[in-house]
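Please work through each task before reading its solution.

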Amino acid sequence: MDRFAKPEDFREFFKATYGPTIAVYRNIAEAPEKTAALDRALDELAGDALRDGAMEWEYLLFTARRSGAAPG
């Protein structure tokens, strides 16, 4: 998913669908200040990358190929 109308949409998408984010929110559910801080951090992350509705991320793609005969 790489298109969001606003940073809050990014946050809500990850809160609802991305396992690690769901787990963190579940673990801090009893700490409203931590939940609010995480909300702000995700909004800031998205705001920094959101350009005209699209997320402009930099990432490293690493591929490898096994050389030689397969073990066995």
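**Exercise 1.** Is arginine 11 buried or exposed?

*Solution.* The model is predicted, so local features are given at pLDDT of at least 70 and side-chain atom pairs only at pLDDT 80 or more, whereas totals for chains, interfaces and linings use all residues. Residues are numbered from 1 along each chain as its sequence is written, and side-chain values use heavy atoms, without hydrogens and water. The classes are buried (under 20% relative accessible area), exposed (over 50%) and partly exposed in between, with a 1.4 Å probe and protein chains only. Arginine 11 has a relative accessible area of 12% and is therefore buried.

**Exercise 2.** Determine which residue arginine 11 meets in a salt bridge, and classify that partner by accessibility.

*Solution.* A salt bridge requires a side-chain nitrogen of Lys or Arg within 4 Å of a carboxyl oxygen of Asp or Glu. The side chain of arginine 11 meets that of glutamate 12, at 2.6 Å from N to O. Glutamate 12 has a relative accessible area of 40%, so this residue is partly exposed.

**Exercise 3.** Trace the salt bridges of lysine 15.

*Solution.* First, lysine 15 pairs with glutamate 12, with 3.7 Å between the closest N and O atoms. Both residues belong to helix α1 (residues 7–17) and stand three residues apart, about one turn of the helix. Helices here are DSSP runs (H or I, at least four residues; strands are E, at least two), numbered from the N terminus. Next, lysine 15 pairs with aspartate 39, the closest N and O atoms being 3.6 Å apart. This pair links distant parts of the chain, 24 residues apart, with aspartate 39 in helix α3 (residues 32–49) and lysine 15 in helix α1. Lysine 15 is partly exposed at 25% relative accessibility, while aspartate 39 is buried at 17%. Finally, Arg11, Glu12, Lys15, Asp39 and Asp43 are linked in a network of salt bridges; the count of salt bridges comes to four.

**Exercise 4.** Describe how helix α2 is placed against α3.

*Solution.* The axes of α2 (residues 19–27) and α3 come within 10 Å and cross at roughly 150°. Axes are lines fitted to C-alpha atoms, for helices over the stretch in contact, and angles run from 0 to 180 degrees between N-to-C directions. In contact (heavy atoms within 4.5 Å), Thr21, Val24 and Tyr25 of α2 meet Thr35, Leu38, Asp39 and Leu42 of α3.
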